Amino acid sequence: MKPVIVIGAGLGGLAAAIKLAARGRPVEIYERADQPGGKAGIVTIDGVEVDTGPSVLTLPQVLREVLQTAGVALEDVIRLRPASPGFRYHYPDGVVLDVHHRRDQTLASVARTLGPGPARELADFLDYAGAIWEAAAADFVFGPAPTVATLLRAGLRNLSTVVRVDPLRSMERAIRSKVREPHLVDLLLRYATYNGSDPRRAPATLNCIAHVELDLGGWGIEGGIHALVRALVGVLTRQGVPLHLGQGVAEIELGARGVTGVRLEDGRRVAASAVVCNADAAHLARALLPPGTPHGIATDAPASMSGWTGILRARRRQGESARVPHQVVFPEDYAAEFQDIFDRDQPPRAPTVYLCAQEACHGRTGWAEDEPLFVMVNTPPVLPGQPPPTVDPEAVRARLLAGGHIDAGDRFVWSRQPVELARQYPHTAGAIYGPASNSPFAAFHRAPNALARVPGLYLATGSAHPGGGMPLALHSGRLAARALLADQPGAAPAGDRP
C-alpha cells in the first residue's frame, strides 16, 4: 500500500499520523525544519533549552484522546502541571489580580482584589461563556467544518441554540453588556488575542475562550511544551512511522483522480495514497498545489495577529517574590493596542507584555542563578507593500524594568521579529493563528479538513478547521485523519474509534 504522506511535523501533522498509523495505514512524515513541533519550538541558549512558542495547554482531553488512539495513556508520557495562581495581571493603576486554576479560587481572588460585585459579574459572565461553549463546541469545534447550511439547519431545529452562541454581537459589546468593572473588562477582552483577533469585530461566540481557560483550566507541562512534542514523536516511533527531518515538500502531485504523491525539495518523488498537509492553508494553496488547481481555499482572508517574542535571562526570584507561571502587564490604554494593530497596521505604541516563567510553569531548569522568561508582544502581520512591524527589545525590557518585573542585569538572549516568523512559515504573513476571526462568518471561511475539489488531500493545521491553538491544532489532525479514513475505508484495530 502506498503511504499517506504528512507534510509537516507540527502538532496537527503528528496527531493525524498517530491516528492513521493506529488504523494500520502506512504513514511517512516530511518536515522541512530540523526539529518537529512546528510553532511549538525550542532553542538552546548557553546549555539551557527553552520553549519559544505556546505556553499554556487547554482542553487536555484532546491530547488524551490522540494518545488513546494509539493505546497510550496521557499520564504515562506527560505530566500536567496545574498552578495557583496561574496568571497574575498587572494594571497601570497598581491593581494586581491573580487568576487561579480553579474557578472558585479565581472568583475569591476577584472578590478580595476588586470586591464582591465584580466577582458576581465574572461568575455570571462565565456562566454565559460556558453556555456558548456547550452550544457551539459540537458544531464549531469537534465536528466537521461548519457551513452556513449546517448552521441554518441547526437553527431551524433549535433556535435557542443559535441565540446562545451569540454570533451577531462582537466580543467587546457582549463583554461590556455584562461586566462593568474595568479591570475585568480588559482581562476578558484579552481572550480575543488567543486566536489573534480583534475583540471589537470578532463574534461574541469567541467569549467561550474565557470559559475554556477559567472554568476548564490551563496547564503547564513538566519539562516544557516541547515535552508534548517529544511524547507524540515517541508514540510515532513505536508505531514505526518514519519522520524525515530537514526534508521539505516542494509540490503535491496530482493525477486524473486526485493526489498521486509529492515532490521533495531535493527533487525526489514519493508516491502516496493520500496527503495530509500540516502546513498553513495559504502556503498549500499558493505554493504546494500545481498552479491553477481549483482548491476552494480562501487566500484573501485578513491574517490574524503576529507577534514579537523573546527570551529573557532573568535573575531567579525566590520566596514571596518568586514569579508565577504567567504574567500580563497591561498598558495605560488597552483599547489603543487594538487600534494600532488592526486600524493602523502598526505595533502597539504601548503594548501589553506577556511573560511566561518557564521554571514555574513547566518545571524547566534554567541557569545556575537565572531563569528563562518567555516574553511576547502582539503585533500586526507582515503586510505586502508596508514596512514589517518591528519591536525594540530594549523598549520592552525598559518597560518591564520600570514595573519591577525584572532586575537591572536581566538581558534578552534570544528574540524573533514578525518578519522572521513570516520567513520561517511562508505565505503566512507571520500570522500566528492563520486567518483572523474578525467577522461572524469567519468560521465558515476557514479551510475544511478535506478538500472536496482535490481528492486525497486533507488539512491538519491551525489555519484550517477548527482553528489555532494547541488543542485545536491537535484536533484538526484528528479530523483530517477521520475524513481520510472515511474516504478510504479499511480494517481498523478492535476498539479504535473513527
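1. Nonpolar cores. In this predicted model, the largest nonpolar core has 108 residues. Tyr89, Leu187, Leu188, Leu232 and Val276 have the most contacts inside it. Helix H5, residues 116-142, gives the most to this core: eleven residues. A second, separate core has 25 residues, including Val249, Ile252, Val270 and Ala279. In soluble globular proteins, nonpolar side chains tend to be buried together.

2. Valine 276. Set aside its neighbours within four places in sequence. Valine 276 then touches Val4, Ile5, Val6, Ile7, Ala16 and Leu20, among others. Its contacts also include Tyr458, Ala460, Ala480 and Leu484.

3. Cis peptide bonds. Most peptide bonds are trans. Serine 84 and proline 85 are joined by a cis bond, with omega about -5 degrees. Proline 85 sits in the loop between strand E6 (80-81) and strand E7 (87-90). The bond from histidine 465 to proline 466 is also cis, with omega near 5 degrees. Proline 466 lies in the loop between strand E20 (457-459) and helix H18 (470-487).

4. Positive phi at aspartate 345. Most residues other than glycine have a negative phi. Aspartate 345 is not a glycine, yet its phi is positive, about 55 degrees. The loop between helix H13 (334-343) and strand E17 (353-357) holds aspartate 345. Aspartate 345 counts as partly exposed because its relative accessibility is 31%.

5. Positive phi at alanine 429. Alanine 429 has a positive phi, near 60 degrees. Its place is the loop between helix H16 (418-424) and helix H17 (442-445). With a relative accessible area of 24%, alanine 429 is partly exposed. Buried would need a value under 20%.

Technical notes: Residues numbered from 1 in each chain as written. Predicted model: local features only at pLDDT ≥ 70, side-chain atom pairs only at ≥ 80, totals over all residues. Heavy atoms only, no water. Core = buried A, V, L, I, M, F, W, Y, C linked by side-chain atoms within 4.5 Å. Buried < 20%, exposed > 50% of the residue type's maximum accessible area, 1.4 Å probe, protein only. Helix = DSSP H or I, 4+ residues; strand = E, 2+ residues; numbered from the N terminus. Contact = heavy atoms within 4.5 Å.
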